[in-house]
Amino acid sequence: MVQYFLVLLEKGAVPFCHYSNPYYYSAARPSFIPAKILREVVRYARENGLFVNFLYGRNRPPRAQERIIDSIAHVKMVPLSLLEVYPDAVLVLDAADRDSFAHIPQSDGRTIILRAERTDLFRLAADIEALKGRFKRLNVHLTGVERFTEQDIDRYEAQLQIVARTLQKRYTAGDEIEINALTDRMLLTQMNNCEAGVKHLTIAPTGNAYICPAFY
């Protein structure tokens with residue numbers, strides 16, 4: 001049963017999972033979801049008790065859309081360029097943004113999503129360490145996994161072992177953070193899949209519904 005919507009506020013919304021979105025990297029002027037469509041999506045969600053996650057692009061939406069967004073309980077998911085505007089949002093990072101990690105404000109409550117390509121695997125543990133003190137929960141998503149070799153998988157495992165040893169020390173010191181690739185496995189008692197198309201649907205800027213943003 002669908003429990004929430006993931007609403008793309010523009011075609012160039014930041015990719016937050018394993019899929020890619022070339023429009024996010026485009027320099028073209030953003031085309032935001034029309035206020036009329038957004039209003040209908042929010043109305044439907046409210047009347048049916050659905051939660052809403054709003055996925056932002058590099059640019060702040062118009063004021064009319066922001067008023068509609070703020071009329072319902074929601075979560076914002078934003079790229080680094082909008083963190084100062086929405087400091088309480090879920091922050092979506094590419095590992096390639098690592099030179100900017102030091103400028104992210106400290107936080108013991110933030111959720112960060114870190115997307116890493118196969119070329120980032122050799123320093124994944126260092127990237128996670130660079131985010132120390134800036135999150136409560138870190139979700140690591142690997143992109144381009146269809147191109148991974150056995151060597152890439154071995155490298156990923158070795159990096160997770162480094163992170164696990166660091167995490168153990170931080171737990172001993174009383175720092176209770178979460179890193180999905182490790183801590184979720186400690187707590188799960190059954191299979192926990194994406195549930196796209198089952199528990200959540202994606203609403204595109206056109207108003208059409210998709211199983212997930214990758215299908216749009």
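**How the terms apply to this predicted model**

Biologist: In which loop is Met191 found?

Modeller: Met191 is found in the loop between helix H5 (180–187) and E8, where helices (H or I, at least four residues) and strands (E, at least two) are DSSP runs numbered from the N terminus. This is a predicted model, in which local features need pLDDT of at least 70 and side-chain atom pairs count only at pLDDT 80 or more, while totals for chains, interfaces and linings use all residues. Residues are numbered from 1 along each chain as its sequence is written, and side-chain values use heavy atoms, with hydrogens and water left out.

Biologist: Why is Met191 called exposed?

Modeller: Buried means under 20% relative accessible area, exposed over 50%, and partly exposed in between, with a 1.4 Å probe and protein chains only; Met191 has a relative accessible area of 68%, and is therefore exposed. From Arg98, Met191 is 93 residues away in sequence and 32 Å away in space, C-alpha to C-alpha.

Biologist: What makes E1 and E2 a pair of strands?

Modeller: Two strands pair if DSSP finds at least two bridges between them, and 5 bridges join E1 to E2, which run parallel. Within this pairing, Val7 stands opposite Phe54 in E2. E2 also pairs with E3 in the parallel sense, over 4 bridges, and there the bridge partner of Asn53 is Val75 in E3.

Biologist: What handedness does the crossover from E2 through H2 to E3 have?

Modeller: That β-α-β crossover is right-handed, a term used if, with the strands pointing away from the viewer, the path from the first strand over the helix to the second runs clockwise. E1, H1 and E2 likewise make a right-handed β-α-β unit.

Biologist: In what order do the strands of the open sheet lie?

Modeller: The 9 strands follow the order E7-E6-E5-E4-E3-E2-E1-E8-E9, with mixed pairing. Strand E7 (178–179) and strand E9 (209–210) are the edge strands, because each pairs on one side only. Strand E4 (residues 90–94) and strand E5 (residues 111–116) run parallel and are joined by 4 bridges, and the partner of Leu93 is Leu114 in E5.

Biologist: Why is the aromatic pair of Phe5 and Tyr44 called stacked?

Modeller: Rings of Phe, Tyr and Trp (its six-membered ring) pair if their centres lie within 6.5 Å, and planes under 30 degrees apart count as stacked, over 60 as edge-to-face and the rest as tilted; by this rule the count comes to 5 aromatic pairs. Phe5 and Tyr44 lie 5.9 Å centre to centre with 20° between the planes, and the pair is stacked. Phe5 is in strand E1 and Tyr44 in helix H1, so the pair ties together parts that are 39 residues apart in sequence. Phe5, at 7% relative accessibility, counts as buried, whereas Tyr44, at 42%, counts as partly exposed.

Biologist: How do you know that the charged end of Lys11 sits over the ring of Tyr23?

Modeller: A charge sits over a ring if NZ of Lys or CZ of Arg is within 6 Å of the ring centre and within 35 degrees of the ring normal; the charged end of Lys11 is 4.2 Å from the centre of the Tyr23 ring. Arg58 lies over the face of Tyr24, at 4.1 Å from the ring centre.
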